[in-house]
Amino acid sequence: MSETNAGAFLDLVAGRRGHFRLESGHHGGLWLDLDPLFSHPGRIAPFGHALATALRPHNVSVVCGPLLGGAFLAQLVSQALDVEFCFTERAMSGQPGDLYRARYLLPPAFAARMEGKRVAIVDDVMSAGSALRGTYAELRAHGAMTVVAGALLVLGSTGAGFFAEHDVPVEAAARDDYDLWLPADCPLCAQGLPLEDLAAEVANLTT
């Protein structure tokens, strides 16, 4: 099997340095273009296998992921675990500049089946965890029990910290350090670097 570390994962995606607003509302200095990640599933197969192996002991009955990349991953992992699959879709709320404005909603056909299910929520990359936080809240509203969160790559500790506070373990194929900041504390803002709001332009986000 190929290596499943952060460096190997980052080799599969286009990344660039700069000053970016992420979907969560935080600012960061690294943007990953995750849209093409699943265009050649064989390239990420070692990471998907590693994540599925880590999730297996949690005895889930459903794997759920946010569109886009998280849903593709959830489908692959659910097949590996031989369990049900579902996804959530993004809807924005609140005011521009608010943190965690994105909500993630279950389509009605899935929402009606979630009561009492043991669910793993997964995404391609977790940093602040906006998409997974929204998915967690939506599943909870429909009576599901999120027993584990997972990602191919976990960046930093912000997203993982949220799930630790809710007693939800986080599994990852790879982990790496990552700096992100509240807008008021952003050193890149203090340096006067122009801010790019790529999160407002694309649906598959580094969150």
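1. In this predicted model, Phe87 is buried, and Phe110 is buried as well. These two residues form an aromatic pair of the edge-to-face kind, with 5.2 Å from centre to centre and 80 degrees between the planes. Because Phe87 belongs to strand β4 (residues 84–92) and Phe110 to helix α4 (residues 108–111), the pair ties together parts that are 23 residues apart in sequence.

2. A further edge-to-face aromatic pair is formed by Tyr136 and Phe163, where the distance is 5.9 Å centre to centre and the planes stand at 90 degrees. This pair links distant parts of the chain, since Tyr136 sits in helix α5 (residues 130–141) and Phe163 in helix α6 (residues 158–165), 27 residues apart. Tyr136 and Phe163 are both buried.

3. Taken over the whole structure, there are nine aromatic pairs, among them the Phe87 and Phe110 pair described above. Phe87 and Phe110 also belong, together with Phe85, to one aromatic cluster.

4. Turning to the strands, β1, β2 and β9 form an open sheet in the order β1-β2-β9, with antiparallel pairing. Strands β1 (14–21) and β9 (180–181) stand at the edges and have a single partner strand each, so one side of each is left without a neighbour in the sheet.

5. The pairing between strand β2 (residues 27–33) and β9 is antiparallel and runs over two bridges; as for the residues involved, His27 has Trp181 of β9 as its bridge partner.

Terms used. Residues are numbered from 1 along each chain as its sequence is written. This is a predicted model: local features need pLDDT of at least 70, side-chain atom pairs count only at pLDDT 80 or more; totals for chains, interfaces and linings use all residues. Side-chain values use heavy atoms; hydrogens and water are left out. Rings of Phe, Tyr and Trp (its six-membered ring) pair if their centres lie within 6.5 Å; planes under 30 degrees apart count as stacked, over 60 as edge-to-face and the rest as tilted. Helices (H or I, at least four residues) and strands (E, at least two) are DSSP runs, numbered from the N terminus. Buried means under 20% relative accessible area, exposed over 50%, partly exposed in between (1.4 Å probe, protein chains only). Two strands pair if DSSP finds at least two bridges between them.
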